[in-house]
Amino acid sequence: MRITVLAGGIGGARFLRGLKALLASEHSGSSITVIGNTGDDIWVHGLRVCPDLDTVMYTLGGGISDERGWGREGETFTVKDELASYGVEPGWFGLGDKDIATHLVRTQSLAAGYTLTDVTTALCDHWQPGVRLLPMSDDRAETHVIVERPDDGSAPDGTPLRSAIHFQEWWIRYRAALPTHGFTVIGIDTARPGPDVIKAISTADVVLLPPSNPVVSIGTILQVPGIAAAVRATHAPVVGVSPIVGGAPVRGMADACLAAIGVETSAFAVAEHYGARSSGGLIDAWLVDSSDADCVEDVNRLGIDCRAVPAMMTDVDATARLAAECLAAAETWRARP
Ligand code: GDP
Ligand code: CA
């Protein structure tokens, strides 16, 4: 079975860890291709940093800090502190010493003319994540956020002025707490899907949307021209898992992202936002947490096969069971009359 997963950082990576465990015990001979979000990518101190690709690579390769959910375990921050003593910005970005080695390899290789896909493959040769990790695009396309900052001032009529800041600055420095008016992915209009990205969707046996951020992780991947169309057109069932449980994100600030695009923070609203493939949307089946079972009928009415299952990825076994529910939903869709 060929499984293709569109993934952001922590939620995507944790789900993939469970999916891998499931395949190791039950579906040997299967393969996983991950299409990773690169909208969070940023230049920091001259280094090219790809937070979501690295979270997937470190998590599956056994090097992640489980406590933080990003970066390396046993990390030190000597270089970051040293940079801060020079007063160079950005001081808010967490750049660990071990992590810097990854960014150095990536930056050097990109400068030598390799594509991000090539460089990611080379980094994965070292980390052995057990999946094929494909950046959504080799072209630069970075998420920016339209905000009002306290120091931006106002127009003569008193309207606060708006500016676009990099997603990382909004997320890390401001904790998503500024008045926010939406997202714009700079460069997305001319970004091309990475090599094999479209093929991975169109030749998959199952396409999964793990519980990643529906706006700035999966939403960004789907904005790369051609990717959403490939998801709509694939012969494979498309199954998603809600990152929203009980009206709140399990982790992170997906509620702020959803609010900024006018979508309610609920398992139902995210399903509605993706939409049923049978009516021009993106998903065939949607898994919500057992605690959200009361929305199942409403989601079914959208033309999406909805199931309530334990969706908290508390450990690898629980996550493997969640992944098994995804494959079961895919089978049901395939066997429909
Ligand atoms: P990021 O790029 O690091 O922000 O990570 P992702 O976009 O991959 O995933 C973030 C999403 O994962 C958040 O919206 C969380 O609510 C969701 N998430 C994290 N842990 C869990 C979990 O145990 N269960 C579910 N259903 N969602 C989770
Ligand atoms: Ca991310």
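This is a predicted model: local features need pLDDT of at least 70, side-chain atom pairs count only at pLDDT 80 or more; totals for chains, interfaces and linings use all residues.
Let's start in helix 2, where P51, D52, L53, D54, T55, V56, M57, Y58, T59 and L60 are buried. Buried here means under 20% relative accessible area, exposed means over 50%, and partly exposed lies in between, with a 1.4 Å probe and protein chains only. Helices (H or I, at least four residues) and strands (E, at least two) are DSSP runs, numbered from the N terminus.

Residues are numbered from 1 along each chain as its sequence is written, chains are lettered from A and ligands numbered from 1 in the order in which they are written, and side-chain values use heavy atoms, with hydrogens and water left out.

Back to helix 2. Just after this helix, G62 has a positive phi of about 85 degrees.

D40 sits in the loop between strand 2 (31-36) and strand 3 (42-44), and D52 sits in helix 2, so the pair ties together parts that are 12 residues apart in sequence. D40 and D52 are both buried.

Two strands pair if DSSP finds at least two bridges between them.

Zoom in on strand 10, residues 238-241. On one flank, 3 bridges join it in parallel to strand 9, residues 206-209. There, L208 has V239 as its bridge partner. Strand 10 also pairs with strand 13, residues 285-289, in the parallel sense over 3 bridges. V239 stands opposite A285, and V241 stands opposite L287. In a regular strand the side chains alternate between the two faces of the sheet. In strand 10, V238 and G240 point one way, V239 and V241 the other, and all are buried.

The largest pocket has a volume of about 1,100 Å³. How many residues line it? The count is 42, with G9, I10, W171, R251 and G252 nearest the centre. Helix 1 (10-26), helix 2, helix 4 (97-111) and helix 6 (167-173) are the elements that give two or more residues to this lining. Helix 2 has the largest share, 5 residues. By class, the lining holds 19 nonpolar, 15 polar and 8 charged residues. Ala, Val, Leu, Ile, Met, Phe, Trp, Tyr, Cys and Pro count as nonpolar, Asp, Glu, Lys and Arg as charged, and the others, Gly among them, as polar.

The method, briefly. On a 1 Å grid over the protein atoms alone, a cavity is a set of points where a 1.4 Å probe fits but cannot get out; a pocket is an open set with protein on both sides within 12 Å along at least five of seven lines; lining residues have an atom within 4 Å of a point. Grid points are joined across faces, edges and corners, and a volume is the space filled by probe spheres set on the points.

The whole structure has 1 cavity of 30 Å³ or more. I10, A13, R14, T55, T59, I64, D66 and G69 line the largest cavity. Helix 1 supplies the largest share, 3 residues.

Last, the backbone. Most residues other than glycine have a negative phi, and most peptide bonds are trans. E89 and P90 are joined by a cis peptide bond, with omega about 0 degrees. H45 has a positive phi near 50 degrees, and is partly exposed at 32% relative accessible area. Q128 also has a positive phi, about 50 degrees, and counts as exposed at 56%.
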